[in-house]
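Please read them with the structure open.

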Amino acid sequence: MSASASPADMVSYQSHYAGAVSRFVAYAIDVAVATAAFVLGLAGASYAVQILTGHKVSWNRSDVAVAVVFALWQFLYFAYSWAVSGRTPGMALMGIRVVRADGMTLDPLHAVLRALVFPLNFLLLGLPFLVILVQRERRGVADLIAGSAVIYSWDARTARLRFLARQAELTVGEGAPPAPADPGARAAG
Amino acid sequence: MTDPAEELAQQVTERVVDLVVSALDINELVARIDLNALLSRIDLDALLAHADLNALLARVDVNVLVNQVDLNAVLARVDVNALLDQVDVNDLVSRVDIEALVQNTDLGAVIATSTGGVATEVLDAARSQAVGLDQLVDRWVKRLLRRKETGPGVPPALLPPPVTSVEVAP
């Protein structure tokens, strides 16, 4: 079975509940970004301490203080992003957004609550992630507790116009080459 | 040679007519006429049936007529804002086939050069593939769970507004 929809099946998924793959990829990007930012921050802090005190500071991964700060940083990263715009950098890249269960904008209180219960996904060995697959509204455990949902929110119509524009330009310039996948066809709203 | 009697009669007649006309008070005469009654007796349809309007219009030089119209003065009296208020711009735009416009005009090249880019193209493709995989996983899960009915696809607040039917008067 192919992962790409045929042009005949062009269905609008704009504002639909986002699926597990998009959400997982967005989460992977966020973990990478947050971890990279944390490591850079630690390196910067080490450098600053070394400049100010003359002592070289080394951070150990098993250090409880580092683990606590890392957990706090993760919480801030997700809670702030969801509270401010409803999307983390990873979600912005994948074109998805957190909203309230009824579709309204997520308020800061629910954003913080969602970030607080988000670690349950790891504490329960990833089982809550599977809920996204079977739940009819594709809501995970954190969503069910925080009263939130994740939807597609990228501008698929513009993406489709960009695709058509590129096709038109190629047709004029070089004849008619084989068409690549139409990006906006699936999620055009 | 003209008969002297006939000439005399002609002069007398002309004089009498002059006297009668000068004695008549035309305004009073017109005031006595019941124009409504008079007009009600006229069959305008029959009158128009006799008139060849095409021939009449063919004799009218429209260019000369238009040249005499001061369009600037006419336009100055038009309230454009009131006119535009009556136009449903959203409905107008929704009738435009944007995709055909992009494909068939230079607008496509403009969009491609202004918004295009390798990063944008990659991002569009990545998102599209992710949506495709989402649907694929969804189909497999439904198959495994033997679930036929689909859940709500969109949160209630984001549902598109219902389409209202418009009745057309016969």
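1. Make-up of chain A. Chain A has 9 helices and 2 strands. Along the sequence, the order is α-α-α-β-α-α-α-α-β-α-α. Keep in mind throughout that this is a predicted model.

2. Burial and surface of chain A. Of the 189 residues in chain A, 39% are buried. Its accessible surface is about 9900 Å². Carbon and sulfur atoms hold 70% of that area.

3. Contacts along chain A. Take the contacts in chain A with a separation of 6 or more: 71% of them join residues 24 or more positions apart.

4. The strand pair. Strand β1 of chain A covers residues 96-100, and its partner is β2(A). The two run antiparallel, with 5 bridges between them. For a landmark, look at A:Val99, which sits opposite A:Ala149 of β2(A).

5. Cover on β2(A). How many residues of strand β2 of chain A are buried? The count is 5 of 5, over residues 148-152, and the strand is mostly covered. In a regular strand, side chains alternate between the two faces of the sheet. In β2(A), A:Ser148, A:Val150 and A:Tyr152 point one way. A:Ala149 and A:Ile151 point the other way. Both sets are buried. A:Ala149, the residue across from A:Val99, therefore counts as under 20% relative accessible area.

6. Make-up of chain B. Chain B comes to 12 helices and 0 strands. From the N terminus, its elements read α-α-α-α-α-α-α-α-α-α-α-α.

7. Burial and surface of chain B. Buried residues are 10% of the 170 in chain B. The accessible surface of chain B is about 14700 Å². Here 61% belongs to carbon and sulfur atoms.

8. A helix contact between the chains. Helix α1 of chain A (residues 20-53) meets helix α12 of chain B (residues 118-144). Their axes come within 7 Å and cross at roughly 130°.

9. From α1(A) come A:Ala20, A:Val21 and A:Ser22. From α12(B) come B:Ala130, B:Val131, B:Leu133, B:Asp134 and B:Val137. By class, the contact of α1(A) with α12(B) has 6 nonpolar residues, 1 polar and 1 charged.

How values were computed: Residues are numbered from 1 along each chain as its sequence is written. Chains are lettered from A and ligands numbered from 1 in the order in which they are written. This is a predicted model: local features need pLDDT of at least 70, side-chain atom pairs count only at pLDDT 80 or more; totals for chains, interfaces and linings use all residues. Side-chain values use heavy atoms; hydrogens and water are left out. Axes are lines fitted to C-alpha atoms, for helices over the stretch in contact, and angles run from 0 to 180 degrees between N-to-C directions. Helices (H or I, at least four residues) and strands (E, at least two) are DSSP runs, numbered from the N terminus. Contact means heavy atoms within 4.5 Å. Ala, Val, Leu, Ile, Met, Phe, Trp, Tyr, Cys and Pro count as nonpolar, Asp, Glu, Lys and Arg as charged, and the others, Gly among them, as polar. Buried means under 20% relative accessible area, exposed over 50%, partly exposed in between (1.4 Å probe, protein chains only). Accessible areas come from the Shrake-Rupley method with a 1.4 Å probe; for residues, only the protein chains shown count as cover. Two strands pair if DSSP finds at least two bridges between them.
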